[in-house]
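Subject: A structure for you to look at

Hi there,

Here is the structure I promised to pass on to you. Please open it next to this email, and I will walk you through what turned up.

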Amino acid sequence: MQTPGNGPKKEAPGAEVRVPVVLVEDQISMRKALRRMLDSARLFSVEEFGSARDAVEYLKTHPVDLVISDIYLPKGSGMDILRYIRTRPIANDLPVIFVTGEATKDDIVQAVDLGVNDYLIKPFEPPDFLSKAKSVLEKFRNPTPRVRKLRMAEAHFFSGKLDEAMTLFKELLAEESDSVRVMVSLAQAHARVGNIDDALTLIDDAIRLSPIYFPAYAVATDLLLDRGRKLEAIEYLTKEISIHGKQPQRRILLADLCFELNNPKAGLEHVRQALVDNPREETVLLKMAELQFMSGDVEKSIHYYLKTRRKNPHCTKALDGLAQVCVSIGDPPKALKMFNEFLRTSPGQKDVLLARARLFEKIGEVDPALGDIETYLISEPESIEALLIRGRLLLRLNLLKEAQQTWDEIEAAVPTADSFGKIGVVCLKMNKFEMAKRYYQKAMQLDPHNSKYAFSLGYALENLKLFSTAMDCYRAVLKLHPGDVEAKDALARVEQKTRKAG
């Protein structure tokens, strides 16, 4: 999630425009330290993120001149960010610096293979950090006039200035009619304004000019998938991977499509090949575990979840996968036994304690779940996830005062619409509608155009028999999303209740 209040600073009129930088670091103290170093140079405008996934989502729609990232991150990794940048069809020369304290030799080799521009091993001195950032930027920001024009067009594209982007792309194409990079970039701009046929024509022209330019196939794949044309998309995606196979996320996408179209054998083969290329890759190992379970092979699924954990000792998704598989087959004790063994061999694995607490909660073992959470919070007192679990467990024990105290802690630590919304979900599940109303009202104050919060507030008000204000909430949802069937049904239901009450 993007850190509130840490967006790019608006410059005063006439001030020098600062360099847009994305900073990705899950450890808050380190992220703040890096931010202070960057701010001290008075050159950078920084966007902070705590996960790989959130950073990638931001990069999809914003022009940036530098990415600084840790390698080990939640919801992906620094490698995923780097791989996304280097394989996307547009602005793929964006410089990336890795800052990490746990990198192995294999990590560094992989980063260099993927095209990282530089890296720093913690600890380091601020002058060294700033020197590397400035050096990498100097090379990036002094290109040839043509590349400068192309980057300007790409920046317009990311900023949503599509007319300006298309004008520049067309000018570049007029200057060099066989530039496949420009053709594919222009195709993306056409697609963004709805000219899908023009976009696909440009892509096919680019492929005829350069049959091994894999970004053209990638763009065609994504355009077709967005329109539900999956069989056509598979043809382009298969060709893309045959040209540039070392793309684990694209192989995973192809595997998912194969499963969806009832070809699990082909899907598993694509994931196996991805493992050959990336034997330690967390997302690939997790996907193999998931698809083995979908294929009905429980033991192989468990095997790959365990393998994921061995290869990636910080991977909590592997723990959740083990729990999910065992619950699905009606054998939660099997997962508990594995968790107990993890903790016996290495008691410091706090995430195992949290995973075991989640499993205890799922199977209704409230007291042991609460015991694990309290132990976890001794070393991680600011963990929002753990505090939310504790709040849910205390509610199940009907310890309302203690639950409220826990939510007050969350509110003090992370007073965001998202945290209030999560507390509201807990309250609704426990039928604590007055509490839910309070937290969704707070969420709406911070994010007044969020239809999910508006609907949930309406539901809480409806159950409190505050029908008039409940209808206002449902109408607000329909104003944002006129076709929302659930909101229409809810509004009709409350109107009927109002008529009966009258």
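Let's begin with H270, which you can find in helix α13 (residues 264–277). Helices here are DSSP runs of H or I with at least four residues, strands are runs of E with at least two, and both are numbered from the N terminus. H270 counts as buried because its relative accessibility is 19%; buried means under 20% relative accessible area, exposed over 50%, and partly exposed in between, with a 1.4 Å probe and protein chains only. Leaving aside residues up to four places away in sequence, H270 touches R251, L254, A255 and C258, where contact means heavy atoms within 4.5 Å.

A word on where this comes from: it is a predicted model, in which local features need pLDDT of at least 70 and side-chain atom pairs count only at pLDDT 80 or more, while totals for chains, interfaces and linings use all residues. Residues are numbered from 1 along each chain as its sequence is written, and side-chain values use heavy atoms, with hydrogens and water left out.

The pLDDT is the predictor's confidence in each residue, from 0 to 100. The protein chain has a mean pLDDT of 89, with 96% of its residues at 70 or more. Please take note of residues 1–15, where the pLDDT is below 50.

Next, look at helices α12 (residues 248–260) and α14 (residues 282–294), which pack at an angle of about 10 degrees with their axes 10 Å apart. Axes are lines fitted to C-alpha atoms, for helices over the stretch in contact, and angles run from 0 to 180 degrees between N-to-C directions. On the α12 side, the residues in contact include I252, A255 and F259, and on the α14 side they include V284 and L291.

Finally, the sheet. Five strands make an open sheet with parallel pairing, in the order β2-β1-β3-β4-β5; two strands pair if DSSP finds at least two bridges between them. At the edges are β2 (44–49) and β5 (118–121), each pairing on one side only. Strand β1 (residues 19–24) is joined to β2 by six bridges, and P20 has S45 as its bridge partner in β2. Helix α1 (residues 28–41) lies across β1, β2, β3 and β4, at about 170 degrees to β2.

Enjoy exploring!
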